[in-house]
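Hello,

Here is the structure we talked about handing over. My notes on it follow below.

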Amino acid sequence: MIKNFFIEVIPMPLLWFAFGLLGAIWILWHSQKNGYDFRSSLRWAMGTFFMPAIAIPLYFWLQSTVAGNRGSKNSRQEPRDITSDMVQSCRHCGKYYGGSPARCPHCKENLLD
């Protein structure tokens, strides 16, 4: 009974169109969320709309490949705060402190003068 419903009521091209459209919308959103520019995201979405059976698995495969190379030179990295690794001495008490606080953690003198 269910098999007849899908064959007679919902034609296959309509399902293919809906799958392609929903996949294209999702990939457009997901690729922009992951840092692709708008033109690249739009290309992925168009490819997904016209060839969802090829584009969606290819997109996921390339995403997993890129995620595996996050430590390589070409991957984008967030800027790191290097001041937290620096050790400086207080000009008032001479003791060392880390980071860039407004006041010395030992003598409580203002360091921003």
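The sulfur of Cys-90 lies 3.7 Å from the closest cysteine sulfur, that of Cys-104, which is too far for a bond; a disulfide here means a pair of cysteine sulfur atoms within 2.5 Å. For Cys-93, the nearest cysteine sulfur is that of Cys-90, 3.8 Å away, and Cys-93 is in no disulfide. The count by this rule is zero disulfides.

Please keep in mind that this is a predicted model: local features need pLDDT of at least 70, side-chain atom pairs count only at pLDDT 80 or more, and totals for chains, interfaces and linings use all residues. Residues are numbered from 1 along each chain as its sequence is written, and side-chain values use heavy atoms, with hydrogens and water left out.

On accessibility, buried means under 20% relative accessible area, exposed over 50%, and partly exposed in between (1.4 Å probe, protein chains only). Cys-90 is buried because its relative accessibility is 4%, while Cys-93, at 32%, is partly exposed.

Thr-48 sits in helix α3 (helices are DSSP runs of H or I, at least four residues, numbered from the N terminus). Thr-48 is buried, at 0% relative accessible area. Leaving aside residues up to four places away in sequence, Thr-48 touches Gly-20, Gly-23, Ala-24, Ile-27, Ala-55 and Ile-56 (contact: heavy atoms within 4.5 Å).

Ile-54 belongs to helix α4, residues 52–68. Ile-54 counts as exposed because its relative accessibility is 54%.

Regards

Conventions
Helices (H or I, at least four residues) and strands (E, at least two) are DSSP runs, numbered from the N terminus.
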